[in-house]
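Please read it alongside the sequence and the coordinates.

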Amino acid sequence: MDIVVQILLNAVIAGAIYSLLALGFNLIYSTARFFDLGYGALTAVGGYSVFFLYKILGLPLIPSIIFGMIMAGILGWGVSELVYRPLRARKASNTVLLVAALGVLTVIQAGIAILFTSQFQTLSRYVAEQQTYTILGGVITQTQVLILAAGLIIMVLLGVVLKYTRVGKAVRAVADDEEVATIVGINAQRIMGGVFFVGSMIGGLAGISVGFDTGIQPTMGLALLLKGVIAAIIGGIGNVWGGVIGAFVLALVENLGAWQFSGEWKDAIAFLVLILFLLFRPKGILGK
Amino acid sequence: MEYLIHIAILVCIYGILGLSLNLVIGEAGLLNVTQAAFYGMGAYGAALLITNYDINFFLALLGGIIISAFGSLLIGLVLSRFRGDFYALGSFGFNVIVWSIMLNWQDVTHGPLGIPGIARPALFGFTFSENLTFLILAAVFLALVYGISTFITKSSFGRVLKALREDEEAISVFGYATSYYKLVTFVISASLAAIAGALFASYITFIDPSSFSLNESIFLLSIVILGGLGSSRGAVMGALFLIVLPEALRFVGFPPDVAAQMRQMVYGLILILLMLYRPQGLMGTFRM
């Protein structure tokens, strides 16, 4: 019984992190319409910014996290302006954008590794004193509760902003049809920039969460990104709530699989789920 | 001199991989990021046959090709149902799955420990144990694969592929079964990659899963894109350039860890700059 509770808890925590990844990815994908692999590296940018500020410089926790998110956001925005915008302007195909994004991912990863070495690092200062809670025999740490809360807050915020505010409507308009949106007076370039900024910030937060939960590595981005993408596709791509549902489904399947077989198969299981969904339900759970 | 021979052998092996991948991406226009898996299947297939059953290299090579062809047939059947971005994503997934199998099916592959003591090729009592003789063998295989790939591209089959790449709907209207053409190309390409795998295994005399990860597929993709899609000469040039360039960086005098990261950074920058300024690569005939 205890083990089942623990697996469920682990799935909930992993699901919270995947939700963040899926939320940021979904936002960017549904507006820019290509697989932004560079988004993966921004999770590492968030993680390493906090590592530098909080652990090396010794700044307080909350400002470090906020600054880490902003760093990821600025970099995401900068890449979009410098690389993706000129490509979009000359109507490059998705494949070209995908390959360019692959280059972005590689460059950022290598940059981080040069600055901070490629060693595995943890973000918490006092690992031993981590407060833990016991629920029905399963254990959850304070950090994990905070991650879960952050995931839920961002999901609701994003959902509400996209649905009810003027900016949200503009974003959806650009996502539907960039040209028509421009004709009715929406500054599509600015919206696009904003989407990359906010999406990358959320990705940065996901990286920071992973850093506090387990640890960070320069190459962490690709694996995390792919989890976000898989979650978004399972849930129904472009759908805010779908991404979150997909994230929890993916986390549950992964953790059940890891329990039945062994932890090393997690990534393979995740991709198997993806391929099954692409084959039999490419629109995802909540897809239109 | 030994060092130059070593580089030349690597150029031959990666030239074969570049040629094989060019068939799928450059000629048929499918963004395939699974090639390292087939390269690995060839390497593992040959290595296991050589070490377990003491089979001659050339027969083991054939075994590796058969394993890779069979694997690619299964994977290709699934992938042929996807399009565009999802094709790329699905192929990412299969690379991770195959890699996980290499890493976790410990009874057969010895997992992360790898397979040591793979014998060098021997023919009629002559062993290719000297690197110079091995280079000649590798060059012969490169020439062979080059011949096969130019034969395919010049044949009527190759012309159908080019048409398919430019406009799949139009060619299917003319009654060509496009999925059949894609699948056959995919299997041929994987079989050719298996040759490189077997050569690599018996050259290094040791293999482990780390040589066949997703990053390797991305590296192979950069070779083909740099050289130019749809050009056999380009694929070999891409391999030459991307193998030799980082070796040149080695002499600039960075510490080894930084040098490895600098190399990654150069690969990434090459991809970004190519996409921005020359998406058809150095000598490509096809713009994505």
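**Notes on the model**

1. B:Asp54 is exposed, since 9 other C-beta atoms lie within 10 Å of its own, and a residue counts as exposed when that number is 12 or fewer. The structure is a predicted model, and this remark, like those below, should be read accordingly. B:Asp54 sits in the loop between helix H2 (35–53) and helix H3 (57–79) of chain B. Its phi is near 60°, a positive value in a residue other than glycine. Most residues other than glycine have a negative phi.

2. A:Arg33 is not a glycine, yet its phi is positive, at about 60°. This residue belongs to the loop between H1 and helix H2 (38–56) of chain A. A:Arg33 is partly exposed, because 15 other C-beta atoms are found within 10 Å.

3. The next point concerns a pair of helices in chain A. Helix H3 (residues 61–89) of chain A packs against helix H8 (residues 188–213) of chain A at an angle of about 140°, and their axes are 7 Å apart. H3(A) and H8(A) are therefore oblique to each other, and their crossing is right-handed. On the H3(A) side the contact includes A:Gly68, A:Ala72, A:Gly73, A:Gly76 and A:Trp77. On the H8(A) side, A:Gly193, A:Phe196, A:Gly199, A:Ser200 and A:Gly203 are among the residues that take part. By class, the residues of this contact divide into 14 nonpolar, 9 polar and 1 charged.

4. Helix H7 (residues 156–166) of chain B and helix H9 (residues 178–204) of chain B pack at an angle of about 115°, with 10 Å between their axes. H7(B) and H9(B) are therefore roughly perpendicular to each other. The crossing of H7(B) with H9(B) is left-handed. The contact brings B:Val160, B:Leu161 and B:Leu164 of H7(B) to B:Thr178, B:Tyr181 and B:Thr185 of H9(B). These residues comprise 4 nonpolar, 2 polar and no charged.

5. B:Leu10 is partly exposed, because 19 other C-beta atoms are within 10 Å.

6. B:Phe124 and B:Asp107 are 17 residues apart in sequence and 33 Å apart in space, taken from C-alpha to C-alpha. B:Phe124 lies in the loop between strand S1 (122–123) and strand S2 (126–127) of chain B. With 4 other C-beta atoms within 10 Å, B:Phe124 is exposed.

7. Which residues touch the most other members of the largest nonpolar core? They are B:Ile16 and B:Ile195, in a core of 203 residues. Helix H1 (residues 2–32) of chain A contributes the largest share of this core, with 17 residues. Apart from neighbours within four places in sequence, B:Ile16 is in contact with B:Phe141, B:Leu142, B:Val145, B:Leu192, B:Ile195 and B:Ala196.

8. The final point is the meeting of the two chains. Contacts join 33 residues of chain B to 36 residues of chain A. On chain B, helix H4 (84–104), helix H10 (214–227) and helix H12 (256–277) each supply at least two residues of the side that touches chain A. H4(B) gives the most to that side, with 13 residues. The side of chain B that touches chain A has 22 nonpolar, 8 polar and 3 charged residues.

Conventions: Residues are numbered from 1 along each chain as its sequence is written. Chains are lettered from A and ligands numbered from 1 in the order in which they are written. This is a predicted model: local features need pLDDT of at least 70, side-chain atom pairs count only at pLDDT 80 or more; totals for chains, interfaces and linings use all residues. Axes are lines fitted to C-alpha atoms, for helices over the stretch in contact, and angles run from 0 to 180 degrees between N-to-C directions. Helices (H or I, at least four residues) and strands (E, at least two) are DSSP runs, numbered from the N terminus. Angles under 35 degrees count as roughly parallel, over 145 as roughly antiparallel, 65 to 115 as roughly perpendicular and the rest as oblique. A crossing is left-handed if the near helix is turned anticlockwise from the far one by less than a right angle, and right-handed if clockwise. Two residues are in contact if their C-beta atoms, placed from the backbone, lie within 7 Å. Ala, Val, Leu, Ile, Met, Phe, Trp, Tyr, Cys and Pro count as nonpolar, Asp, Glu, Lys and Arg as charged, and the others, Gly among them, as polar. A nonpolar core is a set of buried Ala, Val, Leu, Ile, Met, Phe, Trp, Tyr and Cys residues joined through C-beta atoms within 7 Å. A residue is buried if 20 or more other C-beta atoms lie within 10 Å of its own, exposed if 12 or fewer, and partly exposed in between; C-beta atoms are placed from the backbone.
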